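Hello,

Here is the structure for your files. My notes on the aromatic contacts and the surface follow below it.

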Amino acid sequence: MAGGIYLIQDDDRLVEMMEQPYDSEDQLQDLLVTYPNLIAGDQIDRATARRWLLISREAAPSDEETAVQWSLDHLFLDQNAVPTFVDVRRTPNAELRQKVLGQSIDYAANALFYWPIDSIIALFEANCRDRGRDPEQVFEEFLGADANEDRFWQKVKTNLQAGKVRLVFVADEISAEMRRVVEFLNEQMDPVEVLALEIKQYVSEDGLKTLVPRVIGQTAEAQQKKSSATRERRRWDESSFFAEIKARRGADEAQMAKAIYLWAKSQEPEIQIQWGTGDAYGGFAAQLPHKGRKPYQLFTVDIAGRMEISAHNYGSQPPFNVEQNWLELRSKLSSIGLSLPIEPGERRSPSLALFTLQDESALKQVLKTFDWVIEQIQTL
């Protein structure tokens, strides 16, 4: 048995706490669900401690047709909307270490395929229901009452698209071999962050228990690379966006995006254009200011060649939070290829590929539909 640590009680009594292995991996997994702060957010980012929103325990791939037969131990998000994949093992040996590392890299490479944003939102809501909590309240406790939930989920999606995720291997003991592998991966993989987390358990004879987390993998070189990547985040504008979408998606899709942008510009000041930020992904949002209420985000257009809307944004505000109006909106948007859920306010983000609008009549119908949407909102 390894050496212990010592606690000084109020009566000046010295209590020795001896290191003790966990009874099972499940015990360690349960602790992370109950006490997410064990993922040592203050050690991962010493400037701004990471906080954690549990999305799901045992998160399986959402695509039923995939041949993958495993599930992720824990899926968390931090306050910057960075997906954090947590894999828990009790002191992995060499063979298990290779399996864990390979599987976790699989998570990072295929995260957007395995867990699209609609699936992540559904997992979060299901997890809240299982724990008897209201998702809105949980989110408010996590980011504050003034946080924009739709914008947060959009940022999660952007991070997934850009491969900006975090892998955390958790065990009661991280071997020297595992430490070297994690440090190597964290230095080489950008923007992916790869860390190991050792959580040792110490128990006293009278049942006191202490848990001591230690983050491994943050070499000076890795920290410099990650901080440089953060500083290089750009804010997109008209010039940079249309140059980039043309390079990525071709002149035809860039032309479709430009037509939508010019339509929105022609509606100013009723419509405001908001440009996003991001290392590799970005776009613009068309917003409709509305007196006394938060602005309506009509849609976004991104570099991946998609027009996207937020069902929750529409369904949670008048006039479309009324069933009859919602059904009319659903019918209108369905006719242009944007499929809203049956229930208003569900957290889903239907999207429309720009290449489907190359027919001039199709584009005109889309813009005419949003003319109708604006008219409905402004009649309030």
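Helices (H or I, at least four residues) and strands (E, at least two) are DSSP runs, numbered from the N terminus. Ile8 lies in strand 1, residues 5-8. The model is predicted, so local features need pLDDT of at least 70 and side-chain atom pairs 80 or more, while totals for chains, interfaces and linings use all residues. Residues are numbered from 1 along each chain as its sequence is written, and side-chain values use heavy atoms, without hydrogens and water.

Ile8 is exposed, at 64% relative accessible area (buried is under 20%, exposed over 50%, partly exposed in between; 1.4 Å probe, protein chains only).

Now the rings. The whole structure holds 19 aromatic pairs (Phe, Tyr and Trp rings, the six-membered one for Trp, with centres within 6.5 Å; planes under 30 degrees apart are stacked, over 60 edge-to-face, the rest tilted). Phe241 and Phe284 are edge-to-face, because their centres are 5.7 Å apart and their planes at 85 degrees. Phe241 is in helix 9 (residues 238-249) and Phe284 in strand 12 (residues 283-290), so the pair ties together parts 43 residues apart in sequence. Phe241 is buried at 0%; Phe284 is buried at 2%.

Tyr261 and Trp275 are tilted, with centres 5.7 Å apart and planes at 45 degrees. Tyr261 is in helix 10 (residues 251-266) and Trp275 in strand 10 (residues 272-275), 14 residues apart. Both are buried.

One aromatic cluster is formed by Phe124, Phe139, Phe142, Phe152 and Trp153.

Best regards
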